[in-house]
Amino acid sequence: MRKWGPLVAVCLGVFMLLTDVSIVIVALPDIGAGLDMDFDGLQWVLDGYALALAALLLGLGALADRVGRRRVYTVGLVVFALASLACGLAPDGATLVGARIVQAGGGAAMFATAMALLNLSYRGRDRAVAFGVWGSVSGAAAAVGPVAGGLLTEYLGWRSIFLVNLPLALAAVVLARRTLPESRDPGARRLDLPGAAAFTVAAGATVLGLIRGGTDGWTSPAVLGAGTAAVVALAVFVLVERRSPHPLLAPALLRRPAFAGVLLCGAVYSATAFSGLPYISLWLQSVLGLGPMAAGLTLLPMSVVAFAVPALAGRRLAALPVAVPLAGGLAVIGLGTLLQGVLDGSSGWAALLPGLALTGLGIGAVSPVLASAAMAAVPPERGGMAGGALNTFRQLGQALGIAVLGLVLHGGLRDALAGHPAAGPDPEATAGALASGRPPAGLPGELLRTAFATGLDRTLLAAGLTALAGAALVAVLLRRRPEPAGSPHDQSPAALGAPGLDLDRHQTAGR
C-alpha cells in the first residue's frame, strides 16, 4: 500500500469523476419521470457536468500549482462527495442540474491534479506502470458507467448512482491524505481569470444555443443571444490568451500540428464514441421496454472490448506511430457507430451489438495513447498545460456531442412523425416527449418504434461520419513533419507562456 497507495488514491478519484459522465445514461428515463424533466432538462443533466469539467480544468490546474496539488485534489474529493449527496437527494430537476455542475467542479480539481500527483509519486519503470494503469482506468471509465448505472438503477433506484460515490470518496480522501506527496511550483504562473471566464461563457453559450435551437427555433431571441455571446466570448478568449503572459492555453501550442491533432482527436473521440449512448439508452428503455439493467448490459460489448484492447495490446499500440492508434481508432469508432445505425421499426437490442463491439475496439486503441501523445507533442515544461488542454477538449467534445446529436435526434423524430394523424396536431411536442423517454399515451407502437429508429439512425449516422472525418484530419495533422528548429512553430518556453513546472526537477518538492 505504501508503494501503490498513491496510484489507488488517484485512480479511484478519476474513475469516479469520469464514470459520473456516463453513469446517468441508463438512468435518464427514470430521472425524467421522477423529477418531471423534459428533453432539454435531461440533456443538461449530462451537459452541465461535462461543461463544468471542461471549463474548470485548466484554471484549477494553475491554482493547484500555487496552493498545493494534494490539497486541491483532496478538496475536490470532498466537494465531489457533497455534491453527489445533493444529486442523490435532489427534489427537482433544477437542483439536480445545479448539483451536477458543482459535482463537476470537484471532479475538475481531481482531474487537473491527477497526472502531476502520479508523476511526483513514481519514478522510472514504476512511473510507466502508474501512467499505464491510469490511462486504462480513464479510458474504460466512460464505457463502464452505463453498466454500473443500469445495475444500480434497476435494484436501488436512480438516486443510488450518486449516493454510491460517498463511500468511495471517503476511501479516496483517507488514501490521499496518507500516501500522496504535497507539492507546489515555486514559479507557478498567475491565474488567468479573464481567460477562464471567457472560455466558460463561450462553451456554455454554445451548448445552450444548440440545445434551445432545436425547440425554440434558430431565430428565437434566446438562441440568437446565446450565439452572439458565444462568438464574443470566444473572440475575447483568443485575445486574452494571445496577450497574457500566463495563459491558460498558450496559442503557440495550437500552431503545432501534432498537438492540434491530438486535441482534435480527444474532442472527436468523446463526441462520437460516447455522446450517442444516452439516446441509445432511451430507445432501449422507452421504445423496446428494457429495464435499466438490461439496457446497461446491452452496452456491455463496448465496455468489454474497450477494457481488453489496452490490456492485450497496450505495448504494441504504444510502439506504433501515434497516427495509427489515434486516427485509426477514430476510423474504427466511426465504422462501429455507422454499423449501429441500421435500425428500423422491427429492430431489437441485438442489432446494436456488432457495432458496439467495433466501437469498443476503437475506444481501446485511442484511450491509452492520447495522454502520452499530448505530452510528446509539446516541450517538457508545457506538459501540465498539454494534459489539462487534452482533458478540457475531451470534455468539451462530449458536451458539444450530446447537444448536437440531441438536436439531430429531435429533428429526426419530428420529421418521422410529421403527417401522421396519430402524432397529434403538434409533432414538435410529440417528438420532444419521445426524446425525453415519455411517449404520449395513445401513440401506436408501430409508429413509436419506426419514428425512434429513424431518429436514432440519423443520430448515429451523424456521429459516424464525424468520426471518419475527424480520423482523416487527425491523420493529416499527425503525419506532418516536425517544424525545423527556429521556425515560428518551434518557440522557446517563454513564447509558450509563463515557465511551467518541470515535474522531474521538482520531484521531491513538498515531501
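Reader: What is pLDDT, and what does the protein chain average?
Author: pLDDT is the predictor's confidence in each residue, from 0 to 100. The protein chain averages 83, and 90% of the residues score at least 70. This is a predicted model, in which local features need pLDDT of at least 70 and side-chain atom pairs count only at 80 or more, whereas totals for chains, interfaces and linings use all residues. Residues are numbered from 1 along each chain as its sequence is written, and side-chain values use heavy atoms, without hydrogens and water.

Reader: Where does pLDDT stay under 50?
Author: Over residues 481-511. Where pLDDT is low, the predicted coordinates should not be read in detail.

Reader: Which elements have the lowest and highest mean pLDDT?
Author: Helix H19 (residues 427-435) has the lowest, 77, and helix H16 (residues 323-340) the highest, 95. Helices here are DSSP runs (H or I, at least four residues), numbered from the N terminus.

Reader: Turning to packing, at what angle do H1 and H5 pack?
Author: Helix H1 (residues 5-22) and helix H5 (residues 93-121) pack at about 145°, their axes 9 Å apart. Axes are lines fitted to C-alpha atoms over the stretch in contact, and angles run from 0 to 180 degrees between N-to-C directions.

Reader: Which residues make the contact?
Author: Among them are Val 10, Gly 13 and Leu 17 of H1, with Gly 107, Phe 111 and Ala 114 of H5. Contact means heavy atoms within 4.5 Å.

Reader: And the second largest pocket: which helix gives the most to the lining?
Author: H10 does, with 7 residues. A pocket is an open set of points on a 1 Å grid over the protein atoms alone where a 1.4 Å probe fits, with protein on both sides within 12 Å along at least five of seven lines; lining residues have an atom within 4 Å of a point.

Technical notes: Helix = DSSP H or I, 4+ residues; strand = E, 2+ residues; numbered from the N terminus.
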